[in-house]
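Subject: Structure handover

Hello,

Here are the sequence and the structure that I promised to pass on.

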Amino acid sequence: MTDIGKSFRMRRLSAVGDGRHLFVPLDHSVSDGPVVPQARWNGLLRAVVDGGADAVIVHKGRARTIAPAILRHCALVVHLSAGTAHAADADAKVLVGEVEEAVRLGADAVSVHVNLGSDTEHRQLTDLGTVAASCDVWNMPLLAMIYPRGPRIADPHDPALLAHAVNIAADLGADLVKTSVALPLERMAEVVDSSPLPVLAAGGPPDGSDLIGHGTSLMLAGCRGLAVGRRIFSAPSPASLVSRLAAVVHAVDAGTAPHPPTIATGAA
């Protein structure tokens, strides 16, 4: 099998082997500034791993600072896109890494960010396609972080728009897709039903309300996982919050929550 390496890596992206995922993005330090003071960085990583996260998402330079022992039960996703909140166009993203670099770092997957409706959408789509081709060469899973976000987007939570976004990820070669949530929340099922890929819901509730209830609703709507960063690394007890979210992701009744089909190279 030419894709056996991808199969192994996809398996590591779901720690308990159920094809569901709790990812903790910690790549905010490029876009917004430090996630936590440097003295607390290793402690945060250990808390995330001990709490039961399936993977952390960081940029390549940060990945080099992580002691292998810290990620003993947690996968590594290297994020290849970047942009800062200080740019003339905060929705613009550029590639700042390559799949081959992620392979050398021992990554289990890479991720690319696309803002659908932004002024540089064409460039971001090109980058996604380019990285997907390189992932095929290296048998590396690709997570597309694709959001309706830009001056042409009237409602970033529109289910039809989100369905379009996740299908772009599938059509351009991703294995997993992370996107915004539909509102009202129950309409996330429409997004999931449209998707050939496992869908991970990004972030917490827009109004800052109950994160656990929010995550439970999304899993019951058919999402295959959650990607929560800021609410975790700013929590008083990150390990406790991750543990509760992991229970939601990996314990939802499979008979109650519908699941989208998976593609051959992305099935866990």
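Strand 2 and strand 3 (residues 75–79) run parallel and are joined by five bridges. Strands here are DSSP runs of E with at least two residues, helices are runs of H or I with at least four, and both are numbered from the N terminus. Two strands count as paired if DSSP finds at least two bridges between them. One of the partners across this pair is V78 in strand 3, which bridges to V58.

Before going further, some notes on the source. This is a predicted model, in which local features need pLDDT of at least 70 and side-chain atom pairs count only at pLDDT 80 or more, while totals for chains, interfaces and linings use all residues. Residues are numbered from 1 along each chain as its sequence is written, and side-chain values use heavy atoms, with hydrogens and water left out.

pLDDT is the predictor's confidence in each residue, from 0 to 100. Its mean over the chain is 92, and 93% of the residues reach 70 or more. Residues 254–268 stay under 50, and the model gives them 38 contacts beyond four places in sequence (a contact means heavy atoms within 4.5 Å). Where pLDDT is low, the predicted coordinates should not be read in detail.

Back to the strands. On its other side in the pairing list, strand 2 (residues 55–59) pairs with strand 1 in the parallel sense over three bridges, and F23 stands opposite A55. Five of the five residues of strand 2 are buried, where buried means under 20% relative accessible area, exposed over 50%, and partly exposed in between (1.4 Å probe, protein chains only). A55, I57 and H59 lie on one side of strand 2, V56 and V58 on the other. In a regular strand the side chains alternate between the two faces of the sheet.

Strand 3 also runs parallel to strand 6, with three bridges between them, and V78 stands opposite V110 there. Strand 6 (residues 109–116) has eight of its eight residues buried, so it is largely enclosed by the rest of the structure. Its covered faces carry A109, S111, H113 and N115 on one side and V110, V112, V114 and L116 on the other. Strand 6 pairs in turn with strand 7 (residues 142–148), parallel and over seven bridges, with S111 opposite L143.

Now the helices. The buried residues of helix 3 are W41, L44, L45, A47, V48, V49 and G51. Their cover includes strand 1, strand 2, helix 4 (60–63), helix 10 and helix 11. Just after helix 3, G52 takes a positive phi of about 110°.

In helix 11, the buried residues are P238, L241, V242, L245, A246, V248 and V249. They cover an arc of only 160° around the axis, which puts them on the same side of helix 11; the arc is that of the directions from the helix axis to the C-beta atoms. Among the elements covering them are strand 1 (21–25), helix 3 (41–51) and helix 9 (211–220).

Regards
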